[in-house]
Amino acid sequence: MVAIMVAITIIGFVVLDLVIQSLKGKKAQEEQKINLDFSDFRVPVSTFFYPGHTWVNIQSNGEVRVGFDDFVRKVIGDIESIEFPEEGKALKQGEKAFSVKSGNKTLSFLSPVDGEVAAINKLMLANPAEVAKSAYHSGWILAVKPTNLSANLKAMKIAEDAVEWLKAEIRRFREFALGENLHYVKDELQYEVGRTSQDGGCLSEGMLSRMDEKAVKYFEEEFLGKPR
Amino acid sequence: MAKMGILIDITKCIGCGACEKACKMRNGLPLDLENNLSATAYTVVQERLPGTYVRRMCMHCQNPTCVSVCPVGAFTKTAAGPVTYDKDKCIGCRYCMYSCPFSVPKYQWDRVVPYIQKCYMCADRVAEGSEPACTAACPTGASIFGDRDQLIEEAQKRIKDNPHTYVDHLYGLEEVGGTSVLYLSNVPFEKLGEPFNINLPDKPLPVYTWAALEKVPTIVVVGGVVLTGIWWITSRRDEVKKFEIKHKEQKKLTGKGDKP
Amino acid sequence: MKLPKVTFWRIVIAAITILGLYYTVLRYTKGLGAVTNLSNKYPWGLWVGFDVVTGVGLAAGAFIIALTVYIFRIDEYKPILRPAILTGFLGYSLVAVGLLYDLGKWFDVWHPIVFWNPHSVMFEVAWCVMLYLSVLGLEFSTVVFERLKWHRLNHLIHILIIPLSILGVILSTLHQSSLGSLFLIVPTKLYALWYSPYLPLFFFISAVSVGLAMVTMESFLSMRFLGKGIELNLLNGLARVNVLVMAFYLTIKILDMAGRGVLGDIFSTRFESIMFDIETLVQVVIPFFLLLIPAVRTSAKGLFVTSLFIVIGFIMNRLDVAITGVEASSGTTYFPAFGEIMISVFLVTMGFLAFAYAAKYLNVFVHVEEKEEGPVEIIHDV
């Protein structure tokens, strides 16, 4: 009996917390869903950002880890699968490195460095939707043995520069979604965005799934960059 | 000094309660008679079957569980036979109560500073060559005090002489390695209820624990050596790896330097 | 002064604290009988079963991660070392505090240092817990020294850390298994499905399993309440080890039951048998099969749920052995009094709070700085 009592007490506390979270969550989610603002983003201190929204983190064994940033992750929403390059494949900065599938859409990402693929993140292979949520830690995509790192790094931004750059990108994305490119976005989203656009326009997580093919293509070229 | 003991002959007990009273007076306990052993009753006489009385008290095991389990050694099996308790050493963990096969030690639950209470076979009187208060008070000789070996002889003689009266079992001769308190009965013991109906092993219970406890020094030594060994290997591995990388890079450097 | 925001959990914590303090006063002024349902027939209850026997097991994560990082030198696991050691330190401290509630003469708690009885398992456990608490204190002290900028002391600990961790692993092995040995003395009282000469081994292996699960739970609780990131790949590694540990546990448990001829008892409808079945399912069988599924192993939710299973099953196992298993032979029934439950809940809550404050003011979660040798040196061609 005692064992059952203790077990039920613990389960009770966990369930209670879930209920409270979901009550709170409902309110917050509605706000959050629309309010993809600057404050939703963090730039990790030791990470270099490549203009194609990929990042590079230098490991102590000399390899670099490569992933895509949290901004793109939020725009994409649920990630279904990742198309990895083979291990050992040579990569060049600005050329296609890997692609990400979500719904019926595929986005290609450019490599931020020159080098050779040393490893891929098996966790991302197994469960991308969950793992990707930790965009700068567990959510890395490739480990690369760099061959031209110091030159490559010149094209990247770190720390304050990265923050400024990311802010500019978010602004640009808003314009893309709201401004002259509005015609690329489906009606449903126009309404949602239009409704709250007085304070400079707000964006929702997983917007990509509501965009048509043309808009996605535009996003890919404008934000992720065209392969050289 | 001889190992003393008490022989309780259930056939002779009339349930008068003289032993209970004598015990309570001897130990300054409240005189109301109680049904069960408690912090204020070190011995009780219980009518287990109509007309059959069983006196319960500490069994004073030859190899006592309480002595072995107590973390601070508050219990002692004295040379004379009684198992005594040192209330000043006791920390109140109650492991003795939990583990005693006869559930003898009782606790002062209502006190702010509680102690374990149990029969100590009037160890002070025994040390003076006298006998415990209870056996001295018994009017029928149902409880007699004496040298344990002689009591065993006496009990076996009674069984032999009256095979139709007694069941052929001297309880306490072998149970948990033997106890200083022995019981004779005319009713099969398992019908008498606790503790006789518990199927106690003849091995002393501390033996079960010792089987695990005796491995402690081995675990310490082997564990220490193995862990240090593993650490040495892993740290060596890391050093070698570091050295190799350094060496390779250096070779590359000097190799290039030679070329032009 | 700004008042703290009123949230649901803060109200709950406040209520628990008030009740906890009330029963604490009651316990120390009126004695054990006033607060607990313990009796002469039932001398050990929730405080021994949960606060001490279970608490020590739940804090086992610290020695496993210390073993991994310091002895096996698998540096990957460094980010979870400090939270694990902090949990261990707090867990063992709570065990010590729990003992102060449970011991009748709590002010004599130091007696085992002076009065020795090497034949007592309790004596061995007392010493191991005492020493291991000191080891954990020293291991964690680096975090405090770091904060206070006492670099010299920090350096001293740094030199001692390897011997300390070796000592910690040995002490943990000893007392985790000895908690099982505590019950070897009651072969006639403990129900046959639980009583086994291999109890020490079972206790040790299940402590390893729950230690791994607890480290996982800590990560999620830190994420939920402190907003820290989780190292999913590390937790995934722990889960994979745990699959092996659980498989081993289940195997030896079945072999042992078959060897003692009590395997058939698991199909009995006795209360104890049903409890044993529930406990085993929750503690080992269900999490084992769940963790075999890669999608569970790699998802945050999956890892959280399986760890919760293991932890709850483990708690049930310890309470079954310490309390339920001896109920039939005691001739009475026991259910903890409200005061007993409140004190236990109060202690666990204090543990959570202490963890939260330590995480706030000390460098517990930040990636630990690289070892002194730094990144591997690579000399570039000039």
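## Confidence, chains and contacts

Chain A has an average pLDDT of 77, and 79% of the residues of chain A score at least 70. These scores matter to the reader because this is a predicted model, in which pLDDT is the predictor's confidence in each residue. Two stretches of chain A call for particular care. Over residues 29–35 of chain A pLDDT stays under 50, and the model has seven contacts beyond four places in sequence for that stretch. Residues 180–202 of chain A also stay under 50, and for them the model has 33 contacts beyond four places in sequence. Where pLDDT is low, the predicted coordinates should not be read in detail.

With that caution in mind, the layout of chain A can be followed. The domain assignment divides chain A into domain 1, residues 46–156, and domain 2, residues 160–224. Where these domains touch, the contact takes 16 residues from domain 1 of chain A and 14 residues from domain 2 of chain A. On the domain 1 side, helix H2 (70–76) and strand S7 (105–110) of chain A each supply at least two residues, and S7(A) gives the most, with five residues. By residue type, this side of domain 1 of chain A that touches domain 2 of chain A divides into seven nonpolar, six polar and three charged residues.

How do the chains meet one another? There are two pairs of chains in contact, and of these chains B and C share the most contacts. Chain A and chain B, by contrast, are joined by no contact, and their closest C-alpha atoms lie 10 Å apart.

In the pairing of chains B and C, 57 residues of chain B are in contact with 49 residues of chain C. On the side of chain B that touches chain C, the elements that give two or more residues are helix H2 (65–69), helix H3 (95–99), strand S6 (106–107), helix H7 (206–213) and helix H8 (216–258) of chain B. The largest share of that side, 18 residues, comes from H8(B). Sorted by type, the residues on the side of chain B that touches chain C comprise 34 nonpolar, 13 polar and ten charged.

In the pairing of chains C and A, 31 residues of chain C are in contact with 20 residues of chain A. Several helices of chain C each supply at least two residues of the side that touches chain A, namely H3 (46–58), H10 (232–260), H11 (271–292), H12 (294–297) and H13 (300–322). H13(C) gives the most to this side, with seven residues, and the residues of the side of chain C that touches chain A divide into 20 nonpolar, seven polar and four charged.

Chain C itself has 15 helices and zero strands. The radius of gyration of chain C is 22 Å, close to the 21 Å that the globule rule gives for 382 residues, so chain C is as compact as a globular protein of that length. Along its principal axes, the C-alpha trace of chain C spans about 85 × 55 × 45 Å. Buried residues make up 49% of the 382 residues in chain C, and among contacts in chain C between residues at least 6 apart in sequence, 79% join residues at least 24 apart.

The largest nonpolar core holds 228 residues, of which Ile65(C) and Ala66(C) touch the most other members. H13(C) gives the most to this core, with 13 residues. Leaving aside neighbours within four places in sequence, Ala66(C) is in contact with Leu81(C), Ile85(C), Glu139(C), Ser165(C), Gly168(C) and Val169(C).

Chain B, finally, is divided into domain 1 (4–204) and domain 2 (215–258), and the C-alpha centres of these two domains of chain B lie 64 Å apart. One residue to look for in chain B is Thr165(B), found in the loop between helix H6 (148–161) and strand S9 (181–184) of chain B. Is Thr165(B) buried or exposed? Thr165(B) is exposed, because 12 other C-beta atoms lie within 10 Å, and a residue counts as exposed at 12 or fewer. Beyond its neighbours within four places in sequence, Thr165(B) is in contact with Thr11(B) and Asn186(B). Thr165(B) and Asp202(B) are 37 residues apart in sequence, and their C-alpha atoms are 25 Å apart in space.

Terms used:
Residues numbered from 1 in each chain as written. Chains lettered and ligands numbered in written order. Predicted model: local features only at pLDDT ≥ 70, side-chain atom pairs only at ≥ 80, totals over all residues. Helix = DSSP H or I, 4+ residues; strand = E, 2+ residues; numbered from the N terminus. Nonpolar A, V, L, I, M, F, W, Y, C, P; charged D, E, K, R; others polar. Domains from an automatic or database assignment. Rg over C-alpha atoms; globule rule 2.2 N^0.38 Å. Buried ≥ 20, exposed ≤ 12 C-beta atoms within 10 Å, placed from the backbone. Core = buried A, V, L, I, M, F, W, Y, C linked by C-beta atoms within 7 Å. pLDDT = per-residue confidence, 0-100.
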